[in-house]
Amino acid sequence: MALALAVLLQPSENGARAQISSPTVASQLAEHYGQGIAQIIIINFNFFIGNPSALETYLLRLRQQGRLSRLCLYIPQNTKCLNPRFGVFTQTQLIVNYLKAECCTPASTQCGRVSPILPKIIQGDKALAGQFPWACMLLGDGVQQCGCVIIDRTHVLTAGHCLNGQVEDNLLTDRGFEVIAGKLYTDLERVDRSEQRIRVVSGKRHENYDPSLLINDIAVLLLESPLTYTDYVSPVCLPPSVADLPSPCTLAGYGTISFTGPVAEQLMFEEIQTYTAETCLQTFQATTPYNISIYLTPGVICAANGTAGGKDACRGDSGSPLMCKLNTH
């Protein structure tokens, strides 16, 4: 295999040769691709790795000639689209970024689809990478604030009350919001290679938003640049305006694990039951002194873990998706 690849990529025209002498570059490639694939790359890049600008010129020529693409056959599908998580060594960045540009095939633009390489999910509480590729995190001034959900490459949905104090005439006035898509772990210092962090440039909250009852509690945000669809970032399907929701449905979010507890370490999910307004009243009105009928407007979904409780969205989960599987395709 190595001999065949060595024939594909010839030394530079002036005969300059320089091995990957930095053990850091070699170890970073192994961390990113795995030891076996890194060795193949090292064998094929050991002839021209010294000057970064010269390396980039050479990589560009290899790509234009179609010779770089042959390395894609040896890179696993779940690694081709990952961002490098190192940034100091320019040579490593150049190699990974050029191979990503050449080998990463954008995921299907069809909504509601997850990666075909994802194992079958058994009900649990910790999500897997790519299990909910439409779930995203909303930051305010660099701090985790709410959840959100991807509806297309440049728009996400979130809860209207997540913009409280930052809107005028229901239009977003603050410029400190960002969206992180493809993120599994809540620690902002831990940058997942699958994530994409993009600034929000504008937004609009529903014109009939009622802050007292949280009716029409929805907002749409516009991203500064388009998302790249991958196995870890893709859009959710929006349901028909009138739909009989199946039960159970699934919640997913980055919020706290209890009302007064800490933020979860990673994206969490849980199944809960959905109810019609009539059944919701019959089931839950006797369990609370409050009149819940005032909340059951046509735009509200009643969902709970029956009368047992214990499963629900929590602080920080506002704007995160409630997902129901509909046979619409």
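1. The coordinates are those of a predicted model, and the remarks that follow should be read accordingly. The structure holds six disulfides; three of them are discussed here in turn.

2. One of the disulfides joins Cys 72 to Cys 103, with 2.0 Å between the sulfur atoms. Because the torsion about the S-S bond of Cys 72 and Cys 103 is about -80°, this disulfide is left-handed. The pair links distant parts of the chain, 31 residues apart: Cys 72 belongs to the loop between helix H4 (52–64) and helix H5 (77–80), and Cys 103 to helix H6 (residues 90–103). With a relative accessible area of 10%, Cys 72 is buried; Cys 103, at 5%, also counts as buried.

3. A further disulfide is formed by Cys 249 and Cys 324, whose sulfur atoms are 1.9 Å apart. Here the S-S torsion is about 115°, so the link is right-handed. The two cysteines are separated by 75 residues and connect distant parts of the chain, Cys 249 being in strand S9 (residues 249–253) and Cys 324 in the segment after strand S12 (322–323).

4. The angle about the S-S bond is 70°, and the link of Cys 280 and Cys 302 is right-handed. Cys 280 lies in helix H7 (residues 277–284) and Cys 302 in strand S11 (residues 302–304), so the pair ties together parts that are 22 residues apart in sequence. Both partners count as buried, Cys 280 at 5% relative accessibility and Cys 302 at 10%.

5. How many aromatic pairs does the structure hold? There are two aromatic pairs. In the pair of Phe 132 and Phe 269, the ring centres are 5.5 Å apart and the planes meet at 55°, so the arrangement is tilted. This pair links distant parts of the chain, 137 residues apart, with Phe 132 in the loop between H6 and strand S1 (135–140) and Phe 269 in strand S10 (residues 268–275). Phe 132 and Phe 269 are both buried. The aromatic pair of Tyr 275 and Phe 284 is edge-to-face, with 5.1 Å from centre to centre and 90° between the planes. Tyr 275 has 19% relative accessibility and counts as buried; Phe 284, at 12%, is likewise counted as buried. The value for Tyr 275 qualifies because buried means under 20%.

6. Two arginine side chains call for comment in relation to tyrosine rings. Arg 153 lies over the face of Tyr 229, at 4.0 Å from the ring centre. Arg 190 is placed over the face of Tyr 185, and the distance to the ring centre is 3.6 Å.

7. Which residues make the nonpolar surface patch of about 210 Å²? The patch is made by Leu 245, Ile 301 and Leu 322. Leu 322 is found in strand S12, and a relative accessible area of 31% makes this residue partly exposed.

8. The backbone geometry deserves a separate check. Most residues other than glycine have a negative phi, and most peptide bonds are trans. Against that background, the peptide bond from Ser 247 to Pro 248 is cis, with omega near 5°. Pro 248 sits in the loop between strand S8 (219–223) and S9.

9. Asn 216 is not a glycine either, yet has a positive phi of about 55°. Asn 216 is located in the loop between strand S7 (196–205) and S8, and counts as partly exposed at 30% relative accessibility.

Conventions. Residues are numbered from 1 along each chain as its sequence is written. This is a predicted model: local features need pLDDT of at least 70, side-chain atom pairs count only at pLDDT 80 or more; totals for chains, interfaces and linings use all residues. Side-chain values use heavy atoms; hydrogens and water are left out. A disulfide is a pair of cysteine sulfur atoms within 2.5 Å. Helices (H or I, at least four residues) and strands (E, at least two) are DSSP runs, numbered from the N terminus. Buried means under 20% relative accessible area, exposed over 50%, partly exposed in between (1.4 Å probe, protein chains only). Rings of Phe, Tyr and Trp (its six-membered ring) pair if their centres lie within 6.5 Å; planes under 30 degrees apart count as stacked, over 60 as edge-to-face and the rest as tilted. A charge sits over a ring if NZ of Lys or CZ of Arg is within 6 Å of the ring centre and within 35 degrees of the ring normal. Patches are made of residues with over 30% relative accessible area and no salt bridge: like charges are joined within 9 Å, nonpolar side chains (Val, Leu, Ile, Met, Phe, Trp, Tyr) within 5 Å. Accessible areas come from the Shrake-Rupley method with a 1.4 Å probe; for residues, only the protein chains shown count as cover. A salt bridge is a side-chain nitrogen of Lys or Arg within 4 Å of a carboxyl oxygen of Asp or Glu.
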